[in-house]
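Here is a friendly walk through one protein model, with its domains, its ligands and a few local details. Have the sequence and the 3D view at hand as you read.

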Amino acid sequence: MTKQRSDSPEIEPFQGPAGGWGSVRSLADILPREHVGPEALRELTRQNKPEGFMCVSCAWSKPADHHPFEFCEEGGKATAWELTHFRTTPEFFEQHTLSELRGWSDYDLEQHGRLTHPLRYDCDSDKYVACAWDEAFDHIAATLKPLDPKSVVFYSSGRTSLEASYMYGLMARMYGNQNLPDSSNMCHESTSVGLKAAIGVPVGTTQLKDFKECDAILFFGQNVGSNAPRMLHDLRDCRKRGVEIVTFNPLKERGLERFTDPQNPIEMATLKETAISTQYHQLRAGSDLAAMMGICKFLVAWDDAAKASGGQPVLDHDFIAQHTTGAEDFIAAVRAADWTEIERETGLPRGDLEKAAKVYAEAKAVLAIYGMGITQHVKGVENVRMLVNLLLLRGNIGKPGAGPTPVRGHSNVQGQRTVGITEKTELVPVEKLEKQYGFTAPREKGLDTVESCRGVIDGSVKAFVGLGGNFLRAVPETQAMEAAWPKLRLSVQIATKLNRNHLFPGEVTYLLPCLGRIEADVQASGPQAVSTEDSTSCIHGSRGKVTPASPHLLSEPAIVGALAKRLLPPNPNVDWDAWVGDYSRIRDAIEETYPAAFEKYNERLFTPGGFWKGNKAAERIWETESKKAEFLVPSDLSATGFKDEQGRYRLMTLRSNDQFNTTIYGYHDRFRGIKGTRDVLLMHRDDIAAAALAEGQIVALESDAGDGILRRREGLIVTPYEIPRGCLGAYYPEANVLMPVEHHAEQSHVPAAKSVPVRIAA
Ligand SMILES: Nc1nc2c(c(=O)[nH]1)N[C@H]1C(S)=C(S)[C@@H](COP(=O)(O)OP(=O)(O)OC[C@H]3O[C@@H](n4cnc5c(=O)[nH]c(N)nc54)[C@H](O)[C@@H]3O)O[C@H]1N2
Ligand SMILES: Nc1nc2c(c(=O)[nH]1)N[C@H]1C(S)=C(S)[C@@H](COP(=O)(O)OP(=O)(O)OC[C@H]3O[C@@H](n4cnc5c(=O)[nH]c(N)nc54)[C@H](O)[C@@H]3O)O[C@H]1N2
Ligand SMILES: [Mo]
């Protein structure tokens with residue numbers, strides 16, 4: 001294994017494009033490092049294609065007319081990560097106590113490869129020991145049965161298939177709770193809440209074909225080059241048609257600047273690059289509300305002028321009258337908004353917003369693409385609502401080439417919500433489930449991620465089952481969470497690789513290894529397929545073919561089924577074994593619960609490009625309270641939820657180009673020119689000077705939430721960077737120790753990871 005971490009990290013601007021030879025080299029680096037064999041290399045050609053497997057990395061759409069290689073650098077890394085030759089065996093655990101492993105980095109923990117055996121924590125030796133599956137299931141069920149269901153949390157991470165997710169949600173409800181937080185709670189929940197309230201659907205309204213019909217794109221807070229690289233093809237094609245792409249991002253992200261298609265031999269040979277953004281506005285973190293307000297001010301002013309002169313109106317008055325409510329109040333708020341405040345908050349001159357507004361006003365069909373830069377703020381839901389306001393002003397929802405386009409994170413995170421992984425009763429057809437399975441489903445709202453954290457810290461949560469993910473590492477307030485975790489009566493983790501969450505045992509602790517999606521999953525009826533839903537609501541079958549990492553692995557549906565069977569009283573309406581034996585029967589059950597979205601589910605499983613589950617708002621049917629699309633007047637022009645003060649910075653916690661969430665592939669962030677370390681503090685040169693710091697100086701950050709709790713992250717290297725003044729950047733998850741659990745989006749409870757109030761401590 002090469003050790004990539006360096007004692008003399010290098011930080012210098014990266015000159016190349018996104019994609020290009022750098023991306024091929026980066027992939028050529030990881031494949032041999034993971035010692036993946038010819039079987040794995042063959043698998044790459046099946047990635048994201050009909051009858052192939054769906055990438056375990058991001059949720060971006062998989063086109064019907066696929067490329068010869070329908071994967072990107074990041075997808076290739078994710079495949080190599082899962083198909084690695086390395087194994088974390090019971091012998092490994094014989095040699096290392098959990099106390100020792102808690103001193104390891106995230107990178108080192110996962111680099112030892114795939115988990116091979118079910119493991120029980122042995123408190124006397126402070127080690128994991130191999131156990132039998134039956135012993136694990138019996139012990140877990142016996143520990144859960146006497147507990148109050150309200151004190152048990154069933155977490156899942158968005159990679160889990162539709163089939164396993166449906167079973168998991170049903171098991172929790174039959175057991176007696178809907179404490180079903182998932183990674184979406186830390187991610188696009190602001191979208192689910194904001195879009196649902198504004199336009200009646202919790203998801204984006206657009207599909208891939210809309211990229212062929214838009215004539216402008218507004219791009220807010222998403223780092224496409226690292227986190228959804230396959231979308232660069234769609235953006236490049238847009239640019240070739242002359243589509244304007246106006247980007248708002250505090251950082252100059254390379255993927256949003258220029259791209260060379262690694263799949264195009266001519267582009268590669270000639271080093272041809274496509275410029276992606278036609279305007280790039282480096283606004284301050286948390287100031288999107290203000291920026292959008294500025295754009296709206298121009299639209300309204302130009303519309304007024306047009307009315308006075310008898311010119312072409314700028315606002316779509318017919319659409320507004322027919323389809324929306326609240327426009328008058330919103331437009332009044334736009335008129336009242338103060339330019340000085342907008343310029344101060346965004347750090348942008350008015351002229352920049354005018355240029356952006358001009359593109360928007362002249363375009364007939366506009367996509368608004370966005371990611372975590374919008375959702376992970378105290379006013380994250382209002383950010384989403386403001387984006388909708390902007391779209392509604394010109395009728396940009398429910399017509400070709402237009403609409404909100406949230407870029408989802410995990411490959412099935414949107415789908416989990418579709419099939420019942422949610423703590424909210426109104427999002428599940430409870431009566432339908434009750435009829436289908438003959439039980440009384442809980443109506444009380446369950447715990448989301450933030451509430452689960454509170455519960456772990458205050459001791460009201462007694463047991464935690466994690467279906468994938470790295471909850472303890474991904475959540476805020478990590479210090480208090482790690483301290484409280486051992487108080488749990490039960491901690492169960494279902495995983496593919498060892499991560500930090502696994503190192504914090506409860507009284508009864510199991511680590512259960514499962515198959516990955518790329519591996520062959522053979523059950524009683526033969527080889528199985530699973531399915532996922534992408535960012536544009538298309539559902540894809542996925543068939544793993546590779547020999548499993550260990551003969552002792554069980555699939556996620558098999559693990560959930562085995563546990564449910566032991567935990568729940570027998571029920572003639574649910575045959576868990578039959579479901580596990582043949583996943584098409586789980587799909588039949590899903591179709592029965594959700595007939596509209598999953599019509600002819602099994603028949604359409606391998607539709608090229610996936611089958612679309614439909615979207616009412618895309619047809620301009622608004623399933624909101626008012627039955628119209630709703631404008632909202634934002635409560636503030638800053639999304640941060642705190643006041644600017646001398647010495648207080650807005651910290652953005654970021655992903656590098658060499659990680660998938662808490663999985664760290666390496667220590668290089670190629671596009672940002674950072675090599676050999678993740679311990680950087682990105683900071684504006686003038687702020688470094690003003691704070692009397694020096695480039696390369698080692699500092700600590702402390703949270704500045706005013707709640708008297710000391711949260712501190714040591715050892716950060718002051719790194720001059722092109723970042724707006726008053727803003728800082730550091731990597732997630734190492735920075736999570738600085739995030740107060742109560743610093744979250746107001747309505748959605750998404751931790752506000754993109755504007756954390758901090759101070760620099762020398
Ligand atoms: N390779 C790879 N792919 C991934 C992931 C991964 O870790 N690695 N993670 C997956 C998951 S779960 C998710 S949710 C997505 C995440 O993908 P993104 O949504 O891209 O999330 P982040 O990397 O956190 O970065 C958000 C971007 O927002 C910008 N930003 C920060 N604050 C603000 C702000 O206030 N306003 C604006 N306008 N921009 C801001 C940052 O500079 C950054 O470019 O990617 C998914 N895909
Ligand atoms: N500060 C800060 N915090 C954040 C964010 C941020 O931007 N800033 N982003 C948030 C976001 S958007 C998200 S989505 C969350 C991510 O939170 P999670 O989804 O909980 O975390 P991951 O890092 O994706 O989980 C990685 C682990 O999943 C397991 N795994 C991988 N594949 C499989 C599989 O097929 N099956 C099973 N059972 N397990 C598997 C492996 O053991 C691996 O260690 O983090 C959130 N936290
Ligand atoms: Mo995410």
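The C-alpha centres of domain 2 and domain 4 lie 30 Å apart. These are two of the four domains into which the protein is divided: domain 1 (10-82), domain 2 (87-123 + 150-185 + 412-613), domain 3 (189-407) and domain 4 (649-761). The domain bounds come from an automatic or database domain assignment. Please keep in mind that this is a predicted model, in which local features need pLDDT of at least 70 and side-chain atom pairs count only at pLDDT 80 or more, while totals for chains, interfaces and linings use all residues. As for conventions, residues are numbered from 1 along each chain as its sequence is written, chains are lettered from A and ligands numbered from 1 in the order in which they are written, and side-chain values use heavy atoms, with hydrogens and water left out.

Where domain 2 meets domain 4, 21 residues of domain 2 are in contact with 22 residues of domain 4 (contact means heavy atoms within 4.5 Å). Together the two domains bury about 1,900 Å², 49% of it on carbon and sulfur atoms; buried area is the accessible area (1.4 Å probe) that two parts lose on being put together, summed over both.

## Polar and charged links across the interface

Between domain 2 and domain 4 there are twelve residue pairs in polar contact, both residues at pLDDT 80 or more. A polar contact is a pair of N or O atoms within 3.5 Å; within protein, one must be able to donate a hydrogen and the other to accept it, and residues adjacent in sequence count only if both atoms are side-chain atoms. On the side of domain 2 that touches domain 4, at least two residues come from each of α6 (106-111), α23 (449-458), α24 (471-474) and α25 (478-484). Helices (H or I, at least four residues) and strands (E, at least two) are DSSP runs, numbered from the N terminus.

The rule also finds two salt bridges across this interface, a salt bridge being a side-chain nitrogen of Lys or Arg within 4 Å of a carboxyl oxygen of Asp or Glu. In the structure, Glu-477 forms a salt bridge with Arg-711, with the closest N and O atoms 2.5 Å apart.

## Surroundings of the two ligands

Ligand 1 is surrounded by 30 residues, the closest being Glu-253, Gly-286, Asp-288, Gln-659 and Asn-661 (a residue counts as near if one of its heavy atoms lies within 4 Å). Oxygen atoms of ligand 1 lie 2.6 Å from a polar side-chain atom of Glu-253, 2.6 Å from a backbone N or O atom of Gly-286 and 2.9 Å from an N or O atom in the side chain of Lys-754.

Around ligand 2 there are 33 residues, and the closest are Tyr-155, Glu-556, Thr-662, Tyr-732 and Asn-736. A polar side-chain atom of Tyr-155 is 2.6 Å from an oxygen atom of ligand 2, and one of Ser-157 is 2.8 Å from an oxygen atom of this ligand. A polar backbone atom of Gly-468 lies 3.4 Å from a nitrogen atom of ligand 2.

## Gln-282 in its loop

Gln-282 sits in the loop between β12 (279-281) and α14 (288-309). Its side chain reaches the backbone oxygen of Pro-250 at 2.9 Å, and a polar atom of that side chain lies 3.3 Å from the backbone oxygen of Glu-722. Beyond neighbours within four places in sequence, the contacts of Gln-282 include Leu-348 and Pro-724.

## Backbone details worth a look

Most residues other than glycine have a negative phi, and most peptide bonds are trans. The peptide bond from Tyr-732 to Pro-733 is cis, with omega near 5°, and Pro-733 lies in the loop between β32 (727-731) and β33 (756-761). Asp-126, in the loop between β5 (119-122) and β6 (127-130), has a positive phi near 55°.
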